[in-house]
Amino acid sequence: MPLTSIVMATHHMKSTHFDNFDIDDKANEVACRIVASDTELEKRMKFETRDIMKVRERLAEYDCIFLVALVGMYKEDKVKILRHIRKYMKEGSFLLVRSAKGSRAFLYPVIQEHDLLGFELLTIFHPNQWRTQEYISLGAGFK
Ligand SMILES: C[S@@+](CC[C@H](N)C(=O)[O-])C[C@H]1O[C@@H](n2cnc3c(N)ncnc32)[C@H](O)[C@@H]1O
């Protein structure tokens, strides 16, 4: 479920267009069906089946990139993905990394400040309202 995009598009970035990359075609199919239930949202959401490690110059088109929790199941994969994004994203753009806290760390890789090599850490946010998901979000930009 493209939860991050849905929450951001519905509550915060109400006119922004979102390109969602997922390596799994089936996940994109389900995501498309979920979003299709809201006509306005559907117009602003695109889904593409791609391994994010193979998306290169395209990453420079975005002002903001969200890296959600399970893109990179293990810490080493996640750090490689962070380096890849850092290499291709445009200067002055922002990266929001979903990480985990508390017992959720058993399920999701935990990203710490020292993993954000080449980024400037702008903020760490603990969204208390999402009680079911003890995520933290790290906002980072170029130095
Ligand atoms: C739990 S889902 C993401 C939805 C998330 N809950 C959110 O907030 O948007 C994690 C997705 O990451 C995808 N994924 C894992 N590795 C990836 C990669 N290298 N490139 C693109 N997508 C990947 C998986 O196929 C899976 O559908």
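The model is predicted; local features need pLDDT of at least 70, side-chain atom pairs count only at pLDDT 80 or more, and totals for chains, interfaces and linings use all residues. Residues are numbered from 1 along each chain as its sequence is written.

The chain has four helices and six strands, where helices (H or I, at least four residues) and strands (E, at least two) are DSSP runs numbered from the N terminus. In order from the N terminus, the elements are α-β-α-α-β-β-α-β-β-β. Of the 143 residues, 20% are buried. A residue counts as buried if 20 or more other C-beta atoms lie within 10 Å of its own, as exposed if 12 or fewer do, and as partly exposed in between, with C-beta atoms placed from the backbone. Among contacts with a separation of 6 or more, 66% are between residues 24 or more positions apart; a contact means that the C-beta atoms, placed from the backbone, lie within 7 Å.

Helix α4 spans residues 75-88. Its 14 residues reach 20 Å from first C-alpha to last, close to the expected 20 Å, which is 1.5 Å times one less than the number of residues. Lys78, Leu82 and Ile85 are buried in α4. They lie on the same side of the helix because they cover an arc of only 65° around the axis, the arc being that of the directions from the helix axis to the C-beta atoms. An α-helix has 3.6 residues a turn, so residues three or four places apart point the same way. Glu76 and Lys87 are exposed, on the face of α4 turned away from its buried side.

The cover over the buried residues of α4 includes β3 (64-67) and β4 (94-100). These two strands run parallel and are joined by four bridges; pairing requires at least two DSSP bridges. Phe66 stands opposite Leu96 in β4. The path from β3 through α4 to β4 is a right-handed β-α-β crossover, meaning that it runs clockwise from the first strand over the helix to the second with the strands pointing away from the viewer.

The largest nonpolar core has nine residues, including Leu82, Ile85, Met89, Leu95 and Val97. Such a core is a set of buried Ala, Val, Leu, Ile, Met, Phe, Trp, Tyr and Cys residues joined through C-beta atoms within 7 Å. The elements giving two or more residues to this core are α4 and β4. A second, separate core of six residues includes Phe18, Ala31, Val35 and Met45.

How values were computed
Contact = placed C-beta atoms within 7 Å.
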